[in-house]
Amino acid sequence: MIILGFETSCDETSVALISGSNKKQNVDLITNLVSSSVFLHSKTGGIIPEIAAREQVKYIIPLLKRALNENNLNKENIDAIAVTVGPGLIGSLLVGVETAKTIAYVWDKPIVPVNHLYGHIYANWINDGVKKDILFPAIALIVSGGHTDLVLMKNHRDLKWLGGTRDDAAGEALDKIGRLLNLEYPAGAQIERLAKNVLLDKYKFPRPLLDSGDFDFSFSGLKTAVLREIEKNKNATKDLKNICYSTQKAIFDVIIKKTLQACKKYDAKSLFLGGGVAANQKLRDEFTLIIENNKLKINFFVPTKSLCTDNAAMICSAAFYNYENASWKNVEANPDAYFD
Ligand code: KG4
Ligand code: ZN
């Protein structure tokens, strides 16, 4: 079946097409178009919701037309519509949801409402040319600008939230610390670049909740620690590389330790990463290394980098594995959607 999907939960507008079959373990990507209004927000240090939604109204139909035309597809080829219903910014979600509902109604197609967080997990089911032995139970770590969540997945449709951030998400912490360092929003990828060749943890920032024994996270104190260092040491902002490395290291140490504790506790056979921060090569390498060094019997998966940040392909993938045919009349944006 071919699924057409829409994702508009934050500043991205994305339209994708995937093809899925029950005979295959993964879904195949046909196209994944992403337009972002981030350049309009980069100087303000965060997304301005009204501006994001207004841009999405401009982008969504041209992207839909391009996705179909470039693949010589039309409405007859589409079997279902998938759309992100939440969590996210209400104005932005409404653009995707109302567009998807209208198309489902006019084209008379089934519509599948999708939780954005499930989308980040299901990015791992998109075929990337490498054979994927996805076995359950699995642990999923979602690390994005809005979320840091650990989830136990016993099977499709059997997900249990284990813990998450009590304040800032990992990406949010990177973005806020980036702002302290006069980096443009979003700062995660710039921090990764600046930290790339550093080998030593010079600043040894705190690792919040590292030994709390649960699966919760807290990163707002880290931001305060970086701010204190900048205030105390006027040369600190000139030492960007080391600040970036120590910031990243503090966040990743906590994330990795807790994720592996969850894998051990629940005897996980697979581990998935998802969300924008999972695009970080250092984080990907550290997980691979620690799994290898400790000879852990776990299959480790992380999506192609372009499928870690927000995109509609992951929404199509989540729709395929959690297929339910909702009436367009009952599909509504839900900015506070979460795990049950
Ligand atoms: O998943 P995403 O696109 O949006 C949300 O659902 O939040 O994630 C965006 C977040 C931002 O905080 C951004 O700074 C971070 O992902 N990010 C990165 C990298 N690329 C994006 N963080 C660390 N390293 C990266 N390479
Ligand atoms: Zn996201």
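Lys-232 is exposed, because its relative accessible area is 67% and exposed means over 50%, buried under 20%, and partly exposed in between (1.4 Å probe, protein chains only). This is a predicted model, in which local features need pLDDT of at least 70, side-chain atom pairs count only at pLDDT 80 or more, and totals for chains, interfaces and linings use all residues. Residues are numbered from 1 along each chain as its sequence is written, chains are lettered from A and ligands numbered from 1 in the order in which they are written, and side-chain values use heavy atoms, with hydrogens and water left out.

**Salt bridges**

- A salt bridge is a side-chain nitrogen of Lys or Arg within 4 Å of a carboxyl oxygen of Asp or Glu, and the count by this rule is 18.
- Side chains of opposite charge can pair when their charged atoms come close.
- Lys-232 pairs in this way with Glu-229, with 3.4 Å between the closest N and O atoms.
- Lys-232 and Glu-229 are about one helical turn apart, because they are 3 residues apart in helix α7 (residues 220–232).
- Helices here are DSSP runs of H or I with at least four residues, strands are runs of E with at least two, and both are numbered from the N terminus.
- Glu-229 counts as buried, because its relative accessibility is 13%.
- Asp-253 forms a salt bridge with Lys-249, and their closest N and O atoms are 3.0 Å apart.
- Asp-253 and Lys-249 are both in helix α8, 4 residues apart, which is about one turn of the helix.
- Lys-249 is partly exposed, at 24% relative accessibility.
- In helix α9, Lys-282 and Glu-286 are separated by about one helical turn because they are 4 residues apart.
- Lys-282 and Glu-286 form a salt bridge with closest N and O atoms 3.4 Å apart.
- Lys-282 is partly exposed at 32% relative accessibility, and Glu-286 is partly exposed at 23%.
- Arg-166, Asp-214, Asp-216 and Lys-258 are joined into one network by salt bridges that share partners.
- An α-helix has 3.6 residues a turn, so residues three or four places apart point the same way.

**Helix α8 and what follows**

- Helix α8 covers residues 240–265, which is 26 residues, and spans 38 Å from its first C-alpha to its last.
- That span is close to the expected 38 Å, where the expected value is 1.5 Å times one less than the number of residues.

**Ligand 1**

- There are 21 residues around ligand 1, and Gly-145, Gly-146, Asp-175, Glu-192 and Gly-276 come nearest; a residue is near a molecule if one of its heavy atoms lies within 4 Å of it.
- A side-chain N or O atom of Glu-192 is 2.8 Å from a nitrogen atom of ligand 1.
- A side-chain N or O atom of Asn-280 is 3.0 Å from a nitrogen atom of ligand 1.
- Taken alone, ligand 1 exposes 560 Å², and the protein buries 88% of that.
- Accessible areas come from the Shrake-Rupley method with a 1.4 Å probe, and for residues only the protein chains shown count as cover.

**Two threonines**

- Thr-148 is in strand β7 (residues 148–155) and counts as buried, at 1% relative accessibility.
- The side chain of Thr-148 reaches the backbone nitrogen of Ala-170 at 2.8 Å.
- Thr-288 lies in helix α9 (residues 281–293) and counts as partly exposed, at 31% relative accessibility.
- A polar atom in the side chain of Thr-288 lies 2.8 Å from the backbone oxygen of Arg-284.

**Backbone features in loops**

- The peptide bond joining Gly-86 and Pro-87 is cis, with omega about -5°, and Pro-87 is in the loop between β4 (80–86) and α3 (90–107).
- The peptide bond from Tyr-185 to Pro-186 is also cis, with omega near -10°, and Pro-186 is in the loop between α5 (170–180) and α6 (188–195).
- Asn-72 has a positive phi near 50° and is exposed, with 70% relative accessible area.
- Lys-295 has a positive phi near 50° and lies in the loop between α9 and β10 (299–301).

Definitions and conventions
A polar contact is a pair of N or O atoms within 3.5 Å; within protein, one must be able to donate a hydrogen and the other to accept it, and residues adjacent in sequence count only if both atoms are side-chain atoms.
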